[in-house]
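These are notes for a colleague who is opening this structure for the first time. Please read them beside the sequence and the model.

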Amino acid sequence: MESEIYEHDVLVIGSGGAGCRAAIEASRHNLSVLIVSKGLSFKSGCTTLAEGGYNAAFATVDCADNTEAHFEDTLKGGAYLNDPKLARILVEESPERLIELETFGALFDRQESGEINQRPFGGQRFRRTCFQGDRTGHEMMMALKEEVIRREIDTLDEVMITSLIMDESGESVLGATGFSLQDSRFMVFKAKSVVMACGGAGWLYPVTSNTLQKTGDGYSLCYDAGADLLDMEQVQFHPTGMIYPESRKGVLVTEAVRGEGGKLINAEGKRFMKNYDPRGELATRDIVARAIYNEIREGRGTQIGGVYLDVTHLPDELIEEKLETMLFQFQDVGVDIRKEAMEVAPTAHHFMGGIRINENGETTVKNLFAAGEVTGGVHGANRLGGNALADTQVFGKRAGKSAAENALETEIKSNDSFTETEKERISNLIKDGDVYPIEIKKELQELMWKNVAIIRNEEGLKAALKRINELKEMSNNMRISGIMNYNNDLLDALEVIKMLDVAELVTKSAILRRESRGAHYREDYPETNDEWKKSIVFNKNGRIEFIER
């Protein structure tokens, strides 16, 4: 394996909304910044796919709205598992960050008065979700991309980060190692500060709204480096993903459809959400996802395993203006949503748990910072739609600022022994083993969908944990070719190793939480228990901690 070495003051892993915002902030301190992306820069993150909107209490539509109401809705939606300090920062700073996005070039929908427009979203008592049609995330990413280019921030595409480089004491991060997906080069990134902003792990499941790159790398990398991870059992399944054709299965159908008045109807032609929650289609995502899952499980689903999401009662002009992406998305598969209902089912969407951070985006490991979906604490046990895009900007900025200030007081260091060991580990994966890594990956995904998804129980969780450990043993003897250019076997192998670690943490945490809270639903413990109003924290040293909320 050839090696290539890079040196920068700040290394940002991930080029989505949080990563770009962190890089922009760090660059303001006259430092050299590099953004490394597992896919194509600005395109492989999930920010681009976020369609519905960005929550900010501007009160331009509902004048009674304010940050206190947004804070209360966020805590209630998160089943009070949120870190209150982080949630408070989110709601208070999100309006300012949106205005800043507009200075970068983003355009949000306006009312005739010229004030920003806001739509209703699930779990929120006021209309506070700012939007650009149903392509809000794309609009944000285009503006962030332009600002990154304007600031001449370096970017590097198609590199998978394989480890965080630790100093000899194992206490400080000195950079990262990577693997070029294009030609299998081994890459060393020396940095004074590292910002982890590479998103979640939707591809632990076979049906997901996430981009292909979201296999939980950030969780595994930081856990291996000694960082705390919290609430890993809290995995959000978005209620509405496409189910047909097979090539589009899991593709997101934005909550904006329900926000604009879409109705959920079962195969019997009955609108069912009021049977589960008085807020109907605008209940929180965990409730809507379980309701749809239950309708399907009890035989009231469609022939292909979904329910109907209907907007045919809405004016064509509204659909064409505010749901344009959805209109085109379904027209592309032969469905005109102005005239016929969509068929939808839940899809793995967002991890509320993740890396433990403080208000400045600092992790529990020196020189390591994090922002966005890869972190935990902000959203508690269930994220409100519209809070994720705000999260990327609020904590992206904070993590970038902290990383820059840290870099100004830190020197570039190296640990050649560590990087050589990591290079050897990757080289040794190439061998003629017994099983292809893609086979392990597919079995793991099906296992997680069956036993660690929307509805869970102790028997299924323990069976999953047992099989995950068996798959780990199998992963020690994977069959990987020695080709250099676009070695998909090697990529799959590196991903599978990390996915198994993350799956184990999710499952262990789900076994520990003997209650139902937010996105975590135990049919053997269906009630929410005040004794479990605490976060579950894992650390590589074997420590399990509980934080009272």
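1. Basis. This is a predicted model, in which local features need pLDDT of at least 70 and side-chain atom pairs count only at pLDDT 80 or more, while totals for chains, interfaces and linings use all residues. Residues are numbered from 1 along each chain as its sequence is written, and side-chain values use heavy atoms, with hydrogens and water left out.

2. Overall form. The protein chain has 14 helices and 19 strands; helices (H or I, at least four residues) and strands (E, at least two) are DSSP runs, numbered from the N terminus. The radius of gyration of the protein chain is 22 Å, close to the 24 Å that the globule rule gives for 549 residues, so the chain is as compact as a globular protein of that length. That radius is taken over C-alpha atoms, and the globule rule is 2.2 Å times the number of residues to the power 0.38. Along the principal axes, the C-alpha atoms fill a box of roughly 65 × 50 × 50 Å.

3. Of the 549 residues, 63% count as buried. Buried means under 20% relative accessible area, exposed over 50%, and partly exposed in between (1.4 Å probe, protein chains only). Among contacts (heavy atoms within 4.5 Å) between residues at least 6 apart in sequence, 74% join residues at least 24 apart.

4. Nonpolar cores. A nonpolar core is a set of buried Ala, Val, Leu, Ile, Met, Phe, Trp, Tyr and Cys residues joined through side-chain atoms within 4.5 Å. The largest has 123 residues, and those with the most contacts inside it include Leu 164, Phe 189 and Val 506. Helix H14 (residues 488–512) gives the most to this core, with 13 residues. Apart from it lies another core of 25 residues, among them Phe 121, Met 242, Leu 309 and Ile 337.

5. Leu 164. Which residues does Leu 164 touch, not counting residues up to four places away in sequence? Among them are Ile 13, Val 173, Met 196, Leu 221, Leu 368 and Phe 418.

6. Backbone exceptions. Most residues other than glycine have a negative phi, and most peptide bonds are trans. Ser 184 has a positive phi of about 65 degrees; this residue lies in the loop between strand E8 (173–180) and strand E9 (186–196) and is buried at 2% relative accessibility. Asp 231, with phi near 55 degrees, is in the loop between strand E10 (229–230) and E11 and is buried too, with a relative accessible area of 1%. The peptide bond from Tyr 244 to Pro 245 is cis, with omega near -5 degrees. Pro 245 is placed in the loop between strand E11 (235–242) and helix H6 (256–259).

7. Aromatic rings. Rings of Phe, Tyr and Trp (its six-membered ring) pair if their centres lie within 6.5 Å; planes under 30 degrees apart count as stacked, over 60 as edge-to-face and the rest as tilted. The count comes to eight aromatic pairs. Phe 272 and Tyr 276 form an edge-to-face pair, 6.3 Å centre to centre with 90 degrees between the planes. Phe 272 is buried at 1% relative accessible area, whereas Tyr 276 is partly exposed at 30%. Tyr 205, Phe 237 and Trp 449 form one aromatic cluster.

8. Charge over rings. The charged end of Lys 534 sits over the ring of Trp 532, 5.1 Å from its centre, and over the ring of Phe 546, 5.2 Å from its centre. The rule asks that NZ of Lys or CZ of Arg be within 6 Å of the ring centre and within 35 degrees of the ring normal.
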